[in-house]
Amino acid sequence: MRKRAWAAAALGSAVAVLTACGAPSATTTSAQPPQAVPGAVVETLAVVGDSISLGVNACGSVSACPEVSWATGSSPGVSSIAQRLESATGTRPETVVAAQPGADVGDVAAAAATVAAAAPDLVLVLIGANDACRPSADRVTPAAEFEDAYARMLDGIHAAAPDVRVVAYSVPDLEQLWQLGRDDPRAVALWNSSPSCGSLLGDADSTDAADVARRARVVESVDAYNVAIRLACDARPWCTSDDGAVHATSFARADVSEVDFFHPSTQGQATLAARAWPAVERALPSATG
């Protein structure tokens, strides 16, 4: 495989509020990566996604912090997928970042060209938070539209790089983040002043029936997206699903950035990496032992 490092250009849109991905408690993120074992080496690792995979807001400022990315980061405290692959195989993979701030499933459906140019061995896909986290509830991506775009995205990657393995991750539990911050006046004030995720976080402290119903519809959409991800991946032998692991994770307040009370903190990125790793082990058993 050719080894090339790429960074996808942003769409020019403002960074959208995204989720601090589901994570176990901090005590579960300290597990050491696997020891080196014989087997296939991942020379090039790609990630397709949004600002979560860019480490946005993880390092204390409103900016990307790629060194702490759960997928491709280099910070020792994160133990990213790239780092875990290096530990397992003895070879640090080159990385391809086909991620964009604010990206939704329609945006990443066009990522195949970027991914194909690097001829990766493994592609990680984490997308869907921005499809549910919209400025208003009527702009949430319909489940059928998400399903179609996600399948096209997978097929586009495979058509461009037929030998690639893909790991498809579930959409995090966005409502859980609202539950974590709903009683924090700082979080509520920030969420209420931001137009980025009104579908879930508008009137964040309201318990009116209409607002409760609106949040419930976001939860239903995320659940539908996760069904679509699993079914699309299960239908393709070169794809491995996380079986809902990211969505099912409980996470702590410390996993959430203090910048926007929504993106993963550095600890949250480490927690996400720990939750994401088992699916990679299933996808590449000869490489990871």
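A crossing of two helices is right-handed if the near helix is turned clockwise from the far one, by less than a right angle.

**View 1. Helices α1 and α11 cross in a predicted model.** Helix α1 covers residues 81–89 and helix α11 covers residues 266–283. Their axes come within 10 Å and cross at roughly 50°. The crossing in which α1 passes α11 is right-handed. On the α1 side, the residues in contact are I81, R84 and L85. They meet A273, A274, A276, W277 and V280 of α11. By type, the residues of this contact comprise seven nonpolar and one charged, with no polar residue.

View 2. Is Q83 buried or exposed? Its relative accessibility is 14%, so Q83 counts as buried, the cut-off being under 20%. Leaving aside residues up to four places away in sequence, Q83 touches G73, S74, S75, P76, V78 and R92. A71 lies twelve residues from Q83 in sequence, and the C-alpha atoms of the two are 8.6 Å apart.

**View 3. Strand β4 and the strands paired with it.** Strand β4 is made of residues 122–126. Five of its five residues are buried, so the strand is largely enclosed by the rest of the structure. L122, L124 and L126 point one way from β4, while V123 and V125 point the other way. Strand β2, residues 44–49, runs parallel to β4 and is joined to it by five bridges. Strand β5, residues 165–168, also runs parallel to β4, and four bridges join these two. Which residues pair with L122 in the two neighbouring strands? L45 stands opposite L122, and in β5 the bridge partner of L122 is R165.

**View 4. Packing of helices α5 and α9.** Helix α5 (residues 143–160) packs with helix α9 (residues 209–234) at an angle of about 30°, and the axes are 9 Å apart. Because angles under 35 degrees count as roughly parallel, α5 and α9 are described as roughly parallel to each other. The crossing of α5 past α9 is right-handed. From α5, the contact involves A143, F146, E147, Y150 and L154. From α9, it involves A224, Y225, A228, I229, A232 and C233. The residues of this contact divide into ten nonpolar and one charged, with no polar residue.

**View 5. Contact between helices α6 and α7.** Helix α6 spans residues 174–181, and helix α7 spans residues 185–193. The axes come within 8 Å and cross at roughly 125°. The two helices are therefore oblique to each other. L177, W178 and G181 of α6 form one side of the contact, and A187, V188 and W191 of α7 form the other. Five residues of the contact are nonpolar, one is polar and none is charged.

**View 6. The whole protein, for orientation.** The protein has twelve helices and six strands. Of its 289 residues, 57% count as buried. Among contacts with a separation of 6 or more, 77% are between residues 24 or more positions apart.

Notes. Residues numbered from 1 in each chain as written. Predicted model: local features only at pLDDT ≥ 70, side-chain atom pairs only at ≥ 80, totals over all residues. Heavy atoms only, no water. Buried < 20%, exposed > 50% of the residue type's maximum accessible area, 1.4 Å probe, protein only. Pairing = 2+ DSSP bridges. Axes fitted to C-alpha atoms, helices over the stretch in contact; angles between N-to-C directions. Contact = heavy atoms within 4.5 Å. Nonpolar A, V, L, I, M, F, W, Y, C, P; charged D, E, K, R; others polar. Parallel < 35°, antiparallel > 145°, perpendicular 65-115°, else oblique.
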